[in-house]
Amino acid sequence: MAFWLCGASHGMSEPRLNVLCGVDEAWCMTMEKAFEARAGIDISMVRKSTGDILDQIRAEKSHSTVDVWWGGTGDAHLQAASENLLDRYQPDHEHDMLPWAQNFFAMSGSRSAAIYAGALGFAYNSDLLAALKLPAPTCWQDLTKEVYRGHIQSGNPNSSGTAFTMLATLVQLLGEEEAFRYMAALNRNIVEYTRSGSAPVKAAARGEVLIGISFMHDAVTLKEGGAPLVIVAPCEGTGYEIGAISIVKGSRNARAAQAFVDFALSPEGQATGAAAGQNQVPSNAKAALPPAAPDITMIKMVDYDFATFGLSDERSRLLTRFDTEISPTQ
Ligand code: PLP
């Protein structure tokens, strides 16, 4: 393994590796401790939503303060790769990656590696559903019914990778015009668009809202923690994310950044997800699947077009349509 400490003894103080973390806060913290213990490298780990990370990396293009972007939906990593904001790196464990992960790495031009996969869906609070005497939603189309007015939260696709995945999924399932008609109908039922993609299902878990649109693995984690959630794989089919990791161009700690990437793709690094209660499907074939992870092979899934939805122009175009036709971002 190319761990920084193994090869370096500069007699200088160690660099502080700046990592922006796109996964759940609990995993960010577990990963920070595990890597610091394993590699002896001090980390500054900050959690942000996917679109916010992309915006920061773009804004800091000529004076990057970030070394590694770990987690967050892969289409945004591909957009950064296409804008030449990421460095090429061949991780130690790339040959152990599952085929979908190897495809993703190739698609990024060796600039971004897949760390996990997970399906999009929604979850509702069964206690609240019973109290409100509402029918159980099982399909995307159900979410537009008038009975759910004011009862649904979703992320805003500008900041949230989860919500951008939903927008791209609907375009692939329904065609773009129909998808925007759907989003307009759904908008009438949305009580709030949140900055983060996991906030809606966390609100549903607490009973603050009936339905949260989210990645299913986020909902599984909350359900495992005792929340009265029913998790739905929508009947029409759904999309999925490939969570990714990338080294930011201009990183001043390149060797430490590479060590972090190698750790994140190792079976040991991937096990930090399950240790933090997360339920994504790991990308390393030698990593253990978290016992409660949704079986994504059983879910009706679109053949998600990462090449198209990983294009910066496509992202900007869809987000502009969302802001002008569905809900202006504050
Ligand atoms: N939650 C989990 C568990 C994730 O894996 C990811 C993205 O990769 C997200 C949330 C995305 O967060 P956001 O929608 O805030 O960008």
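At what angle do the axes of helix α2 and helix α12 cross?

**Entry 1: conventions.** I worked from a predicted model, in which local features need pLDDT of at least 70, side-chain atom pairs count only at pLDDT 80 or more, and totals for chains, interfaces and linings use all residues. Residues are numbered from 1 along each chain as its sequence is written.

**Entry 2: the helix pair.** I looked up α2 (residues 25-39) and α12 (residues 267-275); their axes come within 9 Å and cross at roughly 140°. Helices here are DSSP runs of H or I, at least four residues, and strands are runs of E, at least two, numbered from the N terminus. Axes are lines fitted to C-alpha atoms, for helices over the stretch in contact, with angles from 0 to 180 degrees between N-to-C directions.

Entry 3: I found Trp27, Thr30, Met31 and Ala34 of α2 meeting Thr272, Gly273 and Ala275 of α12, contact being C-beta atoms, placed from the backbone, within 7 Å.

**Entry 4: the ligand.** I noted 22 residues around the ligand, with Ser49, Thr50, Gly161, Thr162 and Gly197 the closest; a residue is near if its C-beta atom, placed from the backbone, lies within 6 Å. β3 (68-73), α7 (161-174), α10 (216-224) and β10 (240-248) each supply at least two shell residues, and β3 gives the largest share, 3 residues. I also recorded that domain 1 (4-117 + 241-293) and domain 2 (119-239 + 311-326) each contribute at least three residues to this shell, the bounds coming from an automatic or database domain assignment.

Definitions and conventions:
Contact = placed C-beta atoms within 7 Å.
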